[in-house]
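Subject: Structure handover

Hi,

Here is the structure I promised to pass on. Please have a look at it before you read my notes.

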Amino acid sequence: MKLQTLCFEGDYTLEKREKEKSNYCYVNLYAVTFGIAQYILTELMPIDLDGCGKLTVCANIEPQNEAYEVGYHTVPGMGVSWYNLDIETSRRLYNLKRFCKAFSEELSNEFEDCVANIIMDILVEIDRMQGGKNRLAERRNDILERMKECGCEKEILLEKYSKLSRDRKYRAMVYRCIGHGIGDAIRVDLVNCATREVVVSKWLHDELPNTIDMAGAVTKTAWDGDAFNVTFYRRSPS
């Protein structure tokens with residue numbers, strides 16, 4: 001089975017307490033790491049890591065039971081694996097946790113580096129357990145370097161869903177965008193065909209980061225007069 005989902009899970013007890021302190025104005029670890037994890041996953045896909053479709057990295061500062069065991073665990077029959085981080089690594093993640101690059105570029109970059117290195121270390125460790133078939137130890141630094149060069153942001157043009165208006169004056173360009181602060185989101189740019197100028201740019205999400213995997217989310221696009229409609233998962237156009 002190919003790996004389809006790579007994500008973090010935060011410390012439930014700690015996050016519940018922080019939520020209450022902040023009057024529920026809080027962004028959890030899952031949300032702020034989602035785009036970074038998605039970036040790395042798209043760099044690797046398709047990949048059969050350990051025969052499971054989902055890998056969760058669990059951060060624990062206050063373990064919920066005495067049976068908590070640091071390291072890699074898997075239930076192949078259910079198609080899931082998880083990796084329990086040690087308390088020191090988990091605490092470092094929470095100390096660096098930031099939502100927006102505009103808050104502090106330096107801290108944001110440090111957080112991206114921390115998350116990406118944790119993910120790649122775990123992936124390399126699991127790959128070695130499986131005989132190193134994906135050569136992740138050799139690919140690790142190249143993946144991290146590409147992430148730094150692009151600022152942990154990636155745009156994937158969905159050519160199939162990008163269409164010219166009937167009068168051929170405009171082209172609607174549909175992008176799947178992945179990255180820190182973005183998560184995994186769909187953006188539409190309306191481009192003037194004569195000048196190549198982007199006259200309208202719109203995110204098709206209520207807020208960012210969007211924490212839903214958007215691979216295959218767009219199922220239909222169409223011009224309706226001056227409006228360009230995008231349909232997700234066969235629902236009503238947005």
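Below are my notes, with the conventions before the findings.

This is a predicted model, so local features need pLDDT of at least 70 and side-chain atom pairs count only at pLDDT 80 or more, while totals for chains, interfaces and linings use all residues. Residues are numbered from 1 along each chain as its sequence is written, and side-chain values use heavy atoms, with hydrogens and water left out.

Let me start with the helices. Helices (H or I, at least four residues) and strands (E, at least two) are DSSP runs, numbered from the N terminus. At the start of helix 1 (residues 12-21), a side-chain oxygen of Asp11 comes to within 3.2 Å of the backbone nitrogen of Thr13. After helix 1 comes Asn23, with a positive phi near 55 degrees.

Tyr39 deserves a look on your screen. Tyr39 belongs to helix 2 (residues 29-44) and is buried, at a relative accessible area of 2%. Here buried means under 20% relative accessible area, exposed over 50%, and partly exposed in between (1.4 Å probe, protein chains only). Leaving aside residues up to four places away in sequence, Tyr39 touches Arg146, Met147, Cys150, Cys152, Glu153, Lys154 and Ile178; contact means heavy atoms within 4.5 Å. Asp184 is 145 residues from Tyr39 in sequence, yet their C-alpha atoms are 8.8 Å apart in space.

Now the salt bridges. The whole structure holds seven of them, a salt bridge being a side-chain nitrogen of Lys or Arg within 4 Å of a carboxyl oxygen of Asp or Glu. One of the pairs is Glu43 with Arg146, at 2.7 Å from N to O. Glu43 sits in helix 2 and Arg146 in helix 5 (residues 136-149), so this pair links distant parts of the chain, 103 residues apart. Arg146 is partly exposed, at 38% relative accessibility. Glu43 and Arg146 also belong to a network of salt bridges that includes Lys154.

Asp121 is in helix 4 (residues 105-129) and Arg140 in helix 5, 19 residues apart.

Because Asp213 lies in the loop between strand 9 and strand 10 and Arg176 in strand 7 (residues 170-179), the pair ties together parts that are 37 residues apart in sequence. Arg176 is buried, at 10% relative accessibility, and Asp213 is partly exposed, at 30%.

Last, the strands. Strand 10 (residues 218-224) and strand 11 (residues 227-232) pair in the antiparallel sense over six bridges; two strands count as paired if DSSP finds at least two bridges between them. Within this pairing, Thr221 stands opposite Val230. The two strands form a hairpin with two residues between them, and Gly225 in the turn has a positive phi of about 65 degrees.

Val200, in strand 9 (residues 198-203), is partly exposed, with a relative accessible area of 43%.

Best wishes

How values were computed: Polar contact = N/O pair within 3.5 Å; in protein donor to acceptor, adjacent residues only side chain to side chain.
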